[in-house]
Amino acid sequence: DTVLRCVCAGFFANAARLGNDGHYHTVRDHRRVTLHPTSVLARFGQGSEWVVFGDCQLTTEEFVRDVSVIDPRWLLGAAPH
């Protein structure tokens, strides 16, 4: 958990939540993003409710890469208020 908490603290601005439509939506500006098809979470995961990502790639859709599953409570301590 310690490493993931650090990732969350560093990338809190790139947090996204899984919506009812099956896509992630960024917390900061509500953009619809999709896990990149090469992502382990996209290929083998079950779509965690909350993630942070390190990179966006805009092609036919806005894909996110370098994705980590997080506990949303970690955002409360990481994000400035």
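Two strands are taken to pair if DSSP finds at least two bridges between them. In this predicted model, strand β2, which covers residues 24-26, and strand β3, which covers residues 32-35, meet this criterion with two bridges and pair in the antiparallel sense. Within this pairing, R32 of β3 is the bridge partner of H25. The hairpin that β2 and β3 form has five residues between the strands, and in this hairpin H30 takes a positive phi near 60°.

Strand β3 is also joined to strand β5, which covers residues 62-69, and here the two strands run parallel and are linked by two bridges. In this second pairing, T34 stands opposite F63 of β5.

When neighbours within four places in sequence are left aside, E61 is in contact with H23, R32 and T34. Of these residues, R32 is the one named above as the bridge partner of H25, while T34 is the one that stands opposite F63. E61 and L35 are 26 residues apart along the chain, and their C-alpha atoms are separated by 9.9 Å.

As to its accessibility, E61 has a relative value of 29%; because partly exposed residues are those between the limits of 20% for buried and 50% for exposed, E61 counts as partly exposed.

Methods. Residues numbered from 1 in each chain as written. Predicted model: local features only at pLDDT ≥ 70, side-chain atom pairs only at ≥ 80, totals over all residues. Heavy atoms only, no water. Helix = DSSP H or I, 4+ residues; strand = E, 2+ residues; numbered from the N terminus. Buried < 20%, exposed > 50% of the residue type's maximum accessible area, 1.4 Å probe, protein only. Contact = heavy atoms within 4.5 Å.
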